[in-house]
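Hi,

Here is the structure I promised to pass on. Please look it over, then read my notes below.

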Amino acid sequence: MNLEVDREVATSTLHLPPALPLGPMTAQWSGDDTVSPELKDQWIKNGFLVLEGAYSSEEIARYNAIVAKVRREVDDGKDDHGYGDRIGMLHQKEPELLRLAANAEVLSFLRWAFNDDPVLFGSLNFERGTTQDAHIDAIFFWPEPSYSMAGCWIALEDIHPDSGPLFYVPESHTWPFYRSDDVVASRPDLAAKRAAARQADYPPDQRAQLVSELGLAWTQDFRALEGIYETERLPITLKAGDVVFWHSLLAHGGSPRINPALSRRSVVFHYIGKKTKLFTYEQFMLFDRVEMLDQAPQPMNLADFEGKAEYMKYPHFVTYANGEQKTHPV
Ligand SMILES: O=C(O)CCC(=O)C(=O)O
Ligand SMILES: [Fe+2]
């Protein structure tokens, strides 16, 4: 299909689900005046934007020193080149890491994008490329409203093109969006199991297995869309201290690590709006959108960092080593 084809016509002929709104899209959505019209246009048109040099080399060095100290103390799944696996939620143990997340420029952009005050709910620290397949974060952390979540990825060193840089799928935030009810519409077996798995007495291990099958089916449908739109996955190489934001609905992932001897130090902070209801991957996979509104969202449990930024408090951080996930109480 050619991209010039009218989206609505294409959607109805192929029985694709509708696209979702990219913001409140009201005339009043002028938001915070410190955000330039150019940045606002980029967000709507591209679903991502880069702020170059948002952090000084001193700020980045201080951040890296804290992460390096923790990596010496835990099993972080080092590879043959000495690079560890991801560490999740490390800011819960080391709140000083939130200094980057509390950057005023970052927060005022998000305040506009969400039409709400931003709240940090997660972080992931990387030392090497993730090679993660293309995905949309909203399926893992379903936000209501669906635009009120974003990733904010900060380069903690100059990112080499061969180190497995972040990539994104251009304009995918404007594509038809598959919810789990759309995914099972063409798969009657999965639809029946999904209906059964909502019952409270359904065995948890079988439910987890089904959720992962639904995730694979979602990925198949998303790949088909990539074929229809004939898009390329575009890598983004940034300099230390640059930051890229992506929209909750923009597909992205980690490019292949062409040279595994290269590190790729970065951190992702994930934010939602303070009024956002945040649901889990399992809830997204098992419930239709309307049914989900009857489900309990994640409790906010807010804390603040020096009065500058709010975050959701969880009593742990998480390391990964050899495919095993380990939760460390803090
Ligand atoms: O850094 C990457 O390679 C991907 C990270 C990502 O997808 C995320 O944190 O949401
Ligand atoms: Fe992601």
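Buried means under 20% relative accessible area; exposed is over 50%, and partly exposed lies in between (1.4 Å probe, protein chains only).

A note on the basis. This is a predicted model: local features need pLDDT of at least 70, side-chain atom pairs count only at pLDDT 80 or more, and totals for chains, interfaces and linings use all residues. Side-chain values use heavy atoms, without hydrogens and water, and residues are numbered from 1 along each chain as its sequence is written.

**Aromatic pairs**

The structure holds 12 aromatic pairs. Rings of Phe, Tyr and Trp (its six-membered ring) pair if their centres lie within 6.5 Å; planes under 30 degrees apart are stacked, over 60 edge-to-face, the rest tilted. Phenylalanine 48 and tyrosine 168 make a tilted pair, 4.1 Å centre to centre with 45° between the planes. Phenylalanine 48 sits in strand β1 (residues 48–51) and tyrosine 168 in strand β6 (residues 166–168), so the pair ties together parts 120 residues apart in sequence. Strands are DSSP runs of E, at least two residues; helices are runs of H or I, at least four; both are numbered from the N terminus. Phenylalanine 48 is buried at 12% relative accessible area. Tyrosine 168 is buried as well, at 13%.

Phenylalanine 109 and tryptophan 112 also form a tilted pair: 5.8 Å between centres, 50° between planes. They are three residues apart in helix α6 (residues 104–114), so about one helical turn separates them. Trp43, Phe109, Trp112 and Phe245 form one aromatic cluster.

Best wishes

Technical notes. Chains lettered and ligands numbered in written order.
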